[in-house]
Amino acid sequence: MRNIGVVTVGRSDYGIYLPLLREINADPDLHLDLIVSGTHLSPEFGMTVNRIISDGFDISHRVEMLLSSDTPEGISKSIGIGILGFSQVFASYRPDILVVLGDRFEMYAAAIAAMPFNIPLAHIHGGESTEGLVDEAIRHSITKLSHLHFVSTAQYRKRVIQMGEEPWRVVVSGAPSLDNLHNMKLLSVEEIEKQLGFSIGQTPILVTFHPVTLEYDRIADYITILLSSIEEINLPIIFTYPNADTHGRVIIKAINDFVQSAANAHAVANLGTELYFSLMKHAAAMVGNSSSGIIEAASFGLPVVNIGNRQMGRVHDINVIDVPCEKLAIQNGILCAVSPSFKESLVGLENPYGSGKASILIIDVLRRFPRGEKLLIKHFYDFPEK
């Protein structure tokens with residue numbers, strides 16, 4: 001039996017992991033050790049560790065690491081605390097491979113801590129680009145720390161190989177979050193309203209806006225512009241809270257102030273995968289700068305108004321309308337997104353991030369990856385000279 005360690009640090013990765021975690025649990029040749037950290041353990045962000053437990057997963061280790069601060073100093077200190085916490089875990093527990101995902105600073109702490117213990121890493125969602133974020137550097141750094149790579153598109157595979165990773169280590173799996181669409185029953189409008197406790201109408205606008213961490217000094221301006229852009233929209237608006245990034249609390253406060261005075265707006269700290277996907281199914285459009293608008297929304301044929309630089313560089317389909325963080329541009333983008341003609345143009349859209357079979361492909365590799373030196377000793381791959 002192979003022991004598979006999986007690090008989850010918040011809702012941003014847990015919903016992506018969910019189909020894979022179920023596949024690992026169901027496989028007699030694999031044993032899941034779930035390491036929970038980050039915002040999962042924070043009451044401020046919904047204490048989502050409880051959702052993991054309610055989903056039936058055993059938690060092997062918990063790593064407290066977040067300070068109650070979203071300043072640059074607070075984020076840096078949290079990384080340091082995370083490295084210490086994960087190091088304490090790895091001193092007594094060493095999986096056959098450790099699965100990490102994406103580009104969060106909390107995930108980076110786990111990857112750095114694993115390195116001196118010679119724990120091989122399997123990285124999901126490498127090779128992608130988010131040019132407005134420090135996450136760009138974190139993601140590529142995790143790639144160089146990792147030994148297996150599960151990327152979501154062929155273009156991202158090429159990028160990882162360009163970074164010197166040997167081609168045999170890089171597998172195009174697609175995006176695991178899309179697997180949820182095959183095994184998750186999405187809720188009706190009535191069921192959504194029952195769980196949320198308020199009416200969403202038939203065509204809500206789903207708004208998820210995260211800090212642009214390379215421009216954190218402008219976050220207050222950006223959220224002010226966004227809120228002024230949507231206050232005249234005559235549709236129900238549902239906000240979800242941002243991630244625990246630099247100055248994320250500025251966004252949370254502005255959203256809470258906005259919904260107190262807007263009869264058609266509500267804010268939810270954490271929707272969970274089922275509710276979030278169900279809202280995507282019924283929404284008129286998504287607005288903000290979330291990766292879910294880039295990766296998952298195309299599977300719903302959902303129009304997306306993608307604001308600013310946060311997702312700049314990521315592959316996306318024609319459902320995504322890119323706009324600068326300017327009031328008129330955002331309003332025009334929303335008008336286009338909710339128009340019947342734009343919605344009709346998305347019928348039959350194919351998602352560039354795969355067909356929802358990523359977990360099966362990843363599990364197949366986890367069953368048979370080579371152990372020892374072949375996996376741990378990496379040879380820098382140079383492209384053949386032309």
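## Strands β1 and β2

Strand β1 (residues 2-8) and strand β2 (residues 30-37) pair in the parallel sense over seven bridges; two strands count as paired if DSSP finds at least two bridges between them. N3 stands opposite H31 in β2. Six of the seven residues of β1 are buried, and the strand is mostly covered. Buried means under 20% relative accessible area and exposed over 50%, with partly exposed in between (1.4 Å probe, protein chains only). Helices (H or I, at least four residues) and strands (E, at least two) are DSSP runs, numbered from the N terminus.

The model is predicted: local features need pLDDT of at least 70 and side-chain atom pairs count only at pLDDT 80 or more, while totals for chains, interfaces and linings use all residues. Residues are numbered from 1 along each chain as its sequence is written, and side-chain values use heavy atoms, with hydrogens and water left out.

## The chain as a whole

The chain has 16 helices and 13 strands. Its radius of gyration is 20 Å, close to the 21 Å that the globule rule gives for 386 residues, so the chain is as compact as a globular protein of that length. The radius is taken over C-alpha atoms, and the rule is 2.2 Å times the number of residues to the power 0.38. Along the principal axes, the C-alpha atoms fill a box of roughly 60 × 45 × 40 Å.

Of the 386 residues, 58% count as buried. Contact means heavy atoms within 4.5 Å; among contacts between residues at least 6 apart in sequence, 71% join residues at least 24 apart. The chain exposes about 15800 Å², of which carbon and sulfur atoms supply 53%; accessible areas come from the Shrake-Rupley method with a 1.4 Å probe, and for residues only the protein chains shown count as cover.

The mean positions of the 31 positive and 42 negative charges are 4 Å apart. Lys and Arg count as positive and Asp and Glu as negative, while His and the chain ends are not counted. Each charge is placed at NZ of Lys, CZ of Arg, CG of Asp or CD of Glu.

## Strands β8 and β9

Strand β8 (residues 205-208) is covered on both faces: I205 and V207 are buried on one side, L206 and T208 on the other. β8 pairs with strand β9 (residues 237-240) in the parallel sense over four bridges. The bridge partner of V207 in β9 is F239.

The buried residues of α5 (135-145) are D135, E136, I138, R139, I142, T143 and L145. Their cover includes β4 (97-101), α4, β5, β6 (148-151) and α6.

In helix α13 (residues 327-337), the buried residues include A329, I330, Q331, G333, I334 and A337. Among the elements that cover the buried residues of α13 are α9 (219-230), β11 (285-288), β12 (304-307), β13 (320-323) and α14 (340-345). An α-helix has 3.6 residues a turn, so residues three or four places apart point the same way.

## Loops on either side of β5

N118 lies in the loop between α4 (105-114) and β5 (121-124). N118 is not a glycine but has a positive phi of about 55 degrees, and at a relative accessible area of 53% N118 is exposed. H125, in the loop between β5 and α5, also has a positive phi, near 75 degrees. H125 is buried, with a relative accessible area of 5%. Most residues other than glycine have a negative phi.

The loop between β5 and α5 also holds S129, which is buried at a relative accessible area of 7%. Not counting residues up to four places away in sequence, S129 touches E136, R139, R159, Q311, M312, G313 and R314.

V315 is placed in the loop between β12 and β13. For V315 and I294, 21 residues apart along the chain, the C-alpha separation is 7.5 Å. Leaving out residues up to four places away in sequence, V315 touches Q155, Y156, I294, P352 and Y353.

K158 lies in helix α6 (residues 154-162) and counts as exposed, at 53% relative accessibility. K158 and V250 are 92 residues apart in sequence and 37 Å apart in space, C-alpha to C-alpha.
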